[in-house]
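Open the model in your viewer and switch to a cartoon view.

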Amino acid sequence: MTNEKILFHATSFFSDDPEHIKGGYWLAELAKRMPEVTFWVAGPGNAEGLPENLKLLGPLSDQRRLAECYAQADLT
């Protein structure tokens with residue numbers, strides 16, 4: 001068992017643009033300030049320039065995989 005903390009976020013589109021309506025910018029800022037936490041994002045988006053602890057998983061259409069992500073996360 002690992003002590004890794006995981007925050008899981010599901011979105012229709014991830015963007016770290018401060019003007020984007022879904023708030024991905026704030027998630028990226030949290031990732032920068034919390035390097036001890038791994039951030040998983042389900043949904044399409046651009047991974048350029050994101051903190052190393054923020055992982056874009058891409059779209060998850062497999063309901064079993066999506067359920068696994070929710071189950072593994074410490075926070076959603």
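In what order do the strands of the open sheet stand? The order is β1-β2-β3, and the pairing is parallel. This is a predicted model, where local features need pLDDT of at least 70, side-chain atom pairs count only at pLDDT 80 or more, and totals for chains, interfaces and linings use all residues. Residues are numbered from 1 along each chain as its sequence is written, and side-chain values use heavy atoms, without hydrogens and water.

Strands (E, at least two residues) and helices (H or I, at least four) are DSSP runs, numbered from the N terminus. Two strands pair if DSSP finds at least two bridges between them.

Next, select 37-42. This is β2, which pairs with β3 in the parallel sense over 4 bridges. Pick W40: its bridge partner in β3 is K55.

Now select 24-33. Helix α1 packs on the sheet and touches β1, β2 and β3. Its direction makes about 160° with that of β2. Such angles run from 0 to 180 degrees between N-to-C directions, with axes fitted to C-alpha atoms, for helices over the stretch in contact. Contact means heavy atoms within 4.5 Å.

Move to 63-72. Helix α2 lies across β1, β2 and β3, at about 135° to β1.

Finally, zoom in on Y70, in helix α2. Leaving aside neighbours within four places in sequence, Y70 is in contact with F8, A10 and T76. The C-alpha atoms of Y70 and L7 are separated by 9.1 Å, at 63 residues apart along the chain.
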